[in-house]
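Subject: Structure handover

Hi,

Here is the structure we talked about. My notes on it follow below.

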Amino acid sequence: SAPTIDVRSGMDVESLKQAITEHLFYQQGRNIVNTSLNDLYMAVSHTVHDRLLQHEHKTMNAVFDNNNVRLVSYMSAEFLMGPQLGVNLIDLNIMAEMEQAVQELGFSLNTIMAQEEEPGLGNGGLGRLAACYIDSMASQQIPAIGYGIRYEFGIFDQVIRDGWQVEITDKWLRNGNPWESARPELAVNVKFGGHTESYLDSNEYLRYRWKPDYMVTGIPYDTPIMGYKVPSCNFLRLWKSEAEESFDFSSFNQGDYYKAVEYKVKSENISKVLYPNDEMLGGKKLRLKQQYFFVSCSLQDMMNIHLRFDGKPQDFHKRWAIQLNDTHPSVAVAELMRILVDEYHVDWDVAWHTTCSTCSYTNHTLLPEALEKWPVGLFAYLIPRVLEIIFEINYRFLKEVSSRFPGDNGKLSRMSIIDESGEKFVRMANLACVGCCAINGVAELHTELLKQQILHDWVEMFPERFHNVTNGVTPRRFVVLSNPGLSNLIIESIGDKWPGKLDELRKLEPFADDAAFREKFRSVKLENKKILAALIKERTGVVVNPSSMFDVQVKRIHEYKRQHLSVLHIIALYLRIKQNPDIDIVPRTFIFGGKAAPGYFSAKLIIKLINSVGDVVNNDPDVKDRLKVVFFPDFNVTNAQLIYPAADLSEQISTAGKEASGTGNMKFSMNGALTIGTLDGANVEIREEVGNDNFFLFGLTAAQVEDAKRNGYNPHFIYDNNEELRNVISMINSGRFSNGDTNLFKPITDNLLWHDPFMLMADFSLYIACQDLVAETWKNTAEWNRMAILNVARMGKFSSDRSIQDYCEKIWKVKPFNIRKA
Ligand code: 26M
C-alpha cells in the first residue's frame with residue numbers, strides 16, 4: 001500500500017519531501033524548478049519548525065497542567081544562538097532522512113544549511129553560554145523559558161580593510177526568520193518616565209501609583225528549543241518593542257502628528273540594536289531602557305502564566321526560578337517587588353520573601369571596570385518608581401547590615417546598593433546580591449576569587465548563598481553537528497549514547513593506545529583542516545598547509561586575553577628563521593579570530609598588528625611557508641563550528657585570575673585540540689580532568705600575579721634582561737611590520753614596557769619555553785594524537801548538561817519533567 005504521508009509531522013523521507021514542496025509553493029510561492037537557495041532554506045526550515053511546534057505544544061500543555069512543576073526562567077540580555085537548522089535536525093534525529101529528502105529533490109543539505117544567517121544576539125561567552133544552557137535544559141527535560149531581547153540588529157559583522165576592523169550592520173532578519181512566531185496576543189506594556197503618587201486603597205492602606213510619561217509595548221517572539229532525542233521542547237521568548245497603540249497625544253497637544261511619529265521611533269529603538277561592548281560603558285540611557293524593558297515584559301508574562309494557572313501572586317516563587325545571567329537583568333529584583341507590592345498589593349515583607357526565593361544571580365567577571373552601575377539621576381528619570389523601591393530595599397538592608405556588623409561603616413558604604421562616594425550610582429551587582437537566594441561564579445577558581453575579592457563582604461553576610469557552577473558547552477552543536485568525522489569515529493568505537501551523556505566518552509581512553517584508531521583520528525583531523533584551509537583561502541587569500549600545526553586563538557579581542565602574547569611568540573619564531581634560515585622548525589599556521597568592541601582602540605590595534613605581522617611573515621621567502629599567520633574575519637558561531645574541529649593547538653593564555661571561565665577552551669578540547677594555557681578560569685579544571693601530562697601549562701598563578709603587583713612589578717626590568725624579548729619588541733618598533741612607520745604600534749609596545757597590566761613581559765619566557773615543548777611534542781605524531789584522544793575522552797565534565805544538573809540541584813531545586821509519564 002502507498003505510504004501515508006504526514007505533511008506536518010511525518011519524519012520519513014516521503015513526508016519530508018512533500019512538506020518541503022508544499023512550503024515552497026504555499027509560503028514562498030516557488031516550485032522546485034524555479035526556487036532560490038533561500039526559498040529552499042525557508043521551506044526546509046518551516047518543515048522542521050512544524051515538527052518542533054508539535055513537541056512544544058505537547059510539552060507546554062503537560063507542564064502547565066501540573067500545578068506542582070517549577071519552571072526555570074533564564075533571563076539574559078544576550079542569546080548567541082547560532083544557526084538553527086542543523087541542531088534541530090540532530091535533536092529530532094532526522095538528519096539522515098532530511099539529507100535524503102533534499103537530495104531526492106535535487107539539492108544538498110549542506111548548501112541549504114550554509115544559507116542560514118545566524119541570530120548573533122550576543123557578544124561572546126556570556127551570550128553563547130545562555131544558548132548552550134537553553135539547549136541543555138530542553139535536553140535534560142527541565143521546563144524552562146529563555147527570556148531576552150529580539151534585537152533587530154545583532155552583533156556587527158566584521159570585515160577587515162587594510163588590516164583594520166570595520167563594522168557592518170548585522171541585518172540578520174533581512175531574508176526572514178522561519179524559526180520564530182510572533183505572539184501579539186501576549187503583548188504587555190512597560191512604563192517609562194513620569195512621577196509617582198501615593199493614595200489610600202479601599203482598605204485605607206497607603207499605596208503608590210506610577211504615572212508614566214509614556215508606555216512601550218513588548219511583543220513576544222517565540223523560538224522552539226528542542227531537547228536532544230527526547231520529546232520535550234521549550235522555547236526562547238524574545239521581546240520586540242513597539243509604540244503603545246492607544247497612547248493619546250491629542251490630550252496634551254492637539255493633533256500633534258509629528259510628536260506621535262517621534263514617539264513611535266523612540267519606542268521601536270529600544271530593541272533596535274545589541275550593544276557591542278563586553279564591558280560597562282556608564283550612562284548609556286538606551287542600554288538601561290533595554291534592560292528594564294525586557295525584564296518588565298518577562299516578569300509580567302511570568303505573572304500572567306502564574307495567575308492563569310490559579311497561582312496566588314505571593315506564591316510566584318513556587319512556580320518560577322529566575323536565573324539572572326550577569327547583572328544585565330538584575331533590575332528584576334526591584335521590578336518583581338514593584339509588581340507584587342504596587343500591582344497586587346502584597347505586603348512588603350511577604351513580597352520580599354517571594355522575590356528573594358525566586359531569583360538567583362550568576363557573576364561572569366572579576367574585572368572591576370566591568371561591574372555595572374547606573375547614575376541615580378538616569379534611574380530617577382527613566383524608572384522613578386523602581387528607584388524608590390530600590391531605596392526602600394536598600395534602607396531595610398543597611399539596617400540589617402548595621403545590626404550584624406555594628407560600627408562597620410566601611411562595610412555599609414561598600415555594600416550599599418547606592419554608591420555615594422561621588423556622583424551617585426546604582427550598583428547592579430549589589431542589588432543582585434541583596435535580592436537573590438543564590439550567587440554563583442562560573443569556574444572553581446573564579447568562585448574562589450569572587451569570594452576573596454569583589455564579593456568578600458557578601459560572603460560574610462550570606463555565606464549560604466554562594467555556589468560554584470562550572471560552565472559547560474553543548475556537545476550536540478560543538479561536536480555532533482560541527483565535527484561529523486570525529487562523531488562517526490566515536491560512534492563506531494563506543495556507540496552513540498555519549499552526546500546526551502558525555503561521561504560515556506571515558507570509554508575512548510583505551511583507544512588512545514590503539515595505533516589504528518590513532519591513525520583514523522589523525523585523518524579525521526586532517527580532513528577538517530583541509531576544509532578550513534579552503535575557507536581561509538576564500539576569505540583571506542592566504543594559502544595554508546593542512547599538515548602544518550594549526551595553532552588557534554579565537555575569542556573576543558581583549559588585552560587580558562593576550563592575543564598579543566601569541567604575536568610576540570610568532571615574531572620570536574620569525575626572528576629565529578631570519579637569524580638562521582635553515583633552522584629546523586615545526587611548520588605552524590597561526591589562526592586568529594575575534595571581534596573588538598568598536599570603541600576599544602587597543603583591541604583594534606592588536607587586530608592591525610596580527611594582520612601586519614601576517615603580511616610580512618607570509619610573504620618572506622626565507623620563511624619558506626613554514627609560518628603562516630591568518631586573521632579569520634567575522635568570528636561568529638557559524639565560523640566557530642568550522643574552526644574548532646580543525647585546531648591542533650588551543651591558545652588559552654589569559655593573565656591568571658582574569659578569565660572567569662572561558663568556554664572556547666572546552667570546545668577545542670572536545671574536538672581533540674591540545675591546550676597551551678595558564679592556570680585561569682576553567683583551564684584549571686580542564687587540566688585536572690585531562691591530566692597534567694596532557695596539557696601544556698605555563699605562566700604565573702593568580703596569586704603570583706597579585707604578589708608581583710603588590711611588590712611593584714617592573715616590566716622594563718624583564719625586558720632589559722631578556723635578549724629574545726628585546727629583539728621582538730625592537731622589530732615591532734623598527735617599523736618592519738608597518739611600512740617603516742615606527743609609531744603605529746607604539747601604544748602597544750610602550751604599554752608593555754611601562755605598564756603591562758596583564759603581565760605579558762612576566763610570562764613571555766615561560767610561554768616561549770612551553771611553546772618549544774609543544775613543537776617537540778608535535779614531532780611525535782603518535783604521542784600527540786594519544787594526548788589529543790585522551791583530551792576528548794576526558795571532557796565529560798564540560799557538557800552543559802552537567803552544568804544544568806548542577807544548577808538544578810544546588811540552586812533551582814527543580815527536577816526533570818518527563819512529559820511521557822505526565
Ligand atoms: C555591559 C554593559 C553594557 C553593554 C554590554 C555589557 C556587557 C555585555 C556582555 C558586559 C559583559 C558581557 O559579557 C561578558 C562575558 O562574555 N563574560 C564571559 O562569560 C563567559 C561565560 O561565563 C566566561 O566563560 C568568560 O570567561 C567571561 O569573560
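Domain 1 gives 27 residues to the contact and domain 2 gives 20 residues; two residues are in contact if their C-beta atoms, placed from the backbone, lie within 7 Å. On the side of domain 1 that touches domain 2, the elements giving two or more residues are α6 (125-139) and α16 (444-452).

Two points on conventions. Residues are numbered from 1 along each chain as its sequence is written. This is a predicted model, in which local features need pLDDT of at least 70, side-chain atom pairs count only at pLDDT 80 or more, and totals for chains, interfaces and linings use all residues.

Overall picture

The protein chain has 32 helices and 25 strands. Helices (H or I, at least four residues) and strands (E, at least two) are DSSP runs, numbered from the N terminus. The C-alpha trace spans about 90 × 85 × 55 Å along its principal axes. The radius of gyration is 28 Å, which agrees with the value near 28 Å for a compact globule of 822 residues. That radius is taken over C-alpha atoms, and the globule rule is 2.2 Å times the number of residues to the power 0.38.

Buried residues make up 49% of the 822 residues. A residue is buried if 20 or more other C-beta atoms lie within 10 Å of its own, exposed if 12 or fewer, and partly exposed in between, with C-beta atoms placed from the backbone. Of the contacts with a separation of 6 or more, 76% are between residues 24 or more positions apart.

The six-stranded sheet

This open sheet runs in the order β22-β21-β20-β23-β24-β25, with parallel pairing. Strands pair if DSSP finds at least two bridges between them. β22 (627-631) and β25 are the edge strands, and each pairs on one side only. Helix α22 (residues 601-619) packs on the sheet and touches β21 (588-593) and β22. The direction of α22 makes about 145° with that of β22. Such axes are lines fitted to C-alpha atoms, for helices over the stretch in contact, and angles run from 0 to 180 degrees between N-to-C directions.

Look next at β24 (residues 674-677). Leu 674 and Ile 676 point one way, Thr 675 and Gly 677 the other, and all are buried. Strand β23 (residues 649-652) pairs with β24 in the parallel sense over four bridges. Leu 649 has Leu 674 as its bridge partner, and Gln 652 has Gly 677. On the other pairing, two bridges join β24 to the parallel strand β25 (residues 696-697). There, Ile 676 is partnered by Phe 696.

What handedness does the β-α-β unit of β24, helix α25 (residues 683-690) and β25 have? This unit is right-handed. With the strands pointing away from the viewer, the path from the first strand over the helix to the second runs clockwise in a right-handed crossover.

The three-stranded sheet

A second open sheet has the order β15-β17-β16, with antiparallel pairing. β15 (373-375) and β16 (418-419) stand at the edges with a single partner strand each, so one side of each is left without a neighbour in the sheet. β16 and strand β17 (residues 425-427) share two bridges. Asp 419 stands opposite Phe 425. Helix α15 (residues 428-435) packs on this sheet, touching β15 and β17, and makes about 45° with the direction of β17.

Other local features

Back to α16. Leu 445, His 446, Thr 447, Leu 449 and Leu 450 are buried in this helix. The buried residues of α16 pack against β18 (438-441), β19 (466-468), α25 and α26 (702-710).

Strands β5 (residues 157-161) and β6 (residues 164-168) pair in the antiparallel sense over five bridges. Arg 161 has Trp 164 as its bridge partner. Two residues lie between the strands of this hairpin, where Asp 162 takes a positive phi near 55°.

Finally, Ser 734 sits in the loop between α28 (723-733) and α29 (746-754). Ser 734 counts as exposed because 11 C-beta neighbours lie inside 10 Å.

Best wishes
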